[in-house]
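User: Could you take a close look at the aromatic cluster in this structure and walk me through it?

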Amino acid sequence: MAQLIENNTTISPIFSKGKYREDEENSSYSKGEGAEWAMVWCEDGSHRESYVNLIPTKLGGTHESGFKSGVFEAVKSFAEQHSMLPRGVRINADDVWQRVWFIL
């Protein structure tokens, strides 16, 4: 991600995380299955890369939809709980995603 955004001015630090299943007990997921992501807000533009099993998913998919929905809900909830939005203003997904660069 750092190389991807090196010519852009960032608004936030790069957020990244990975989580993989460590065992198969009581789960519908196999050991080793999981996800890894990185995202950052930049002043200009946006960029998205998403993969499943290292294969690019140019049209997104349910994993990308879920990622976007989860991030939007988290940002919205944080802004509402900390009274960061002016009265009568509602945040929408475009407000969150218009300047995000991410790899999933």
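Analyst: Happy to! W37, F67, W97 and F102 come together as one aromatic cluster. This is a predicted model, where local features need pLDDT of at least 70, side-chain atom pairs count only at pLDDT 80 or more, and totals for chains, interfaces and linings use all residues. Residues are numbered from 1 along each chain as its sequence is written, and side-chain values use heavy atoms, leaving out hydrogens and water.

The structure holds five aromatic pairs; rings of Phe, Tyr and Trp (its six-membered ring) pair if their centres lie within 6.5 Å, and planes under 30 degrees apart count as stacked, over 60 as edge-to-face and the rest as tilted. One of them joins W37 and F67, a tilted pair at 5.7 Å centre to centre with 50° between the planes. That pair links distant parts of the chain, 30 residues apart: W37 sits in strand β2 (residues 34-41) and F67 in helix α1 (residues 62-81). Helices (H or I, at least four residues) and strands (E, at least two) are DSSP runs, numbered from the N terminus.

W37 counts as partly exposed because its relative accessibility is 25%, while F67, at 12%, counts as buried. Here buried means under 20% relative accessible area, exposed over 50%, and partly exposed in between (1.4 Å probe, protein chains only).

F67 also pairs with W97: the ring centres are 6.0 Å apart and the planes stand at 55°, so this pair is tilted. It too links distant parts of the chain, with F67 in helix α1 and W97 in helix α2 (residues 93-97), 30 residues apart. W97 counts as buried, because its relative accessibility is 13%.
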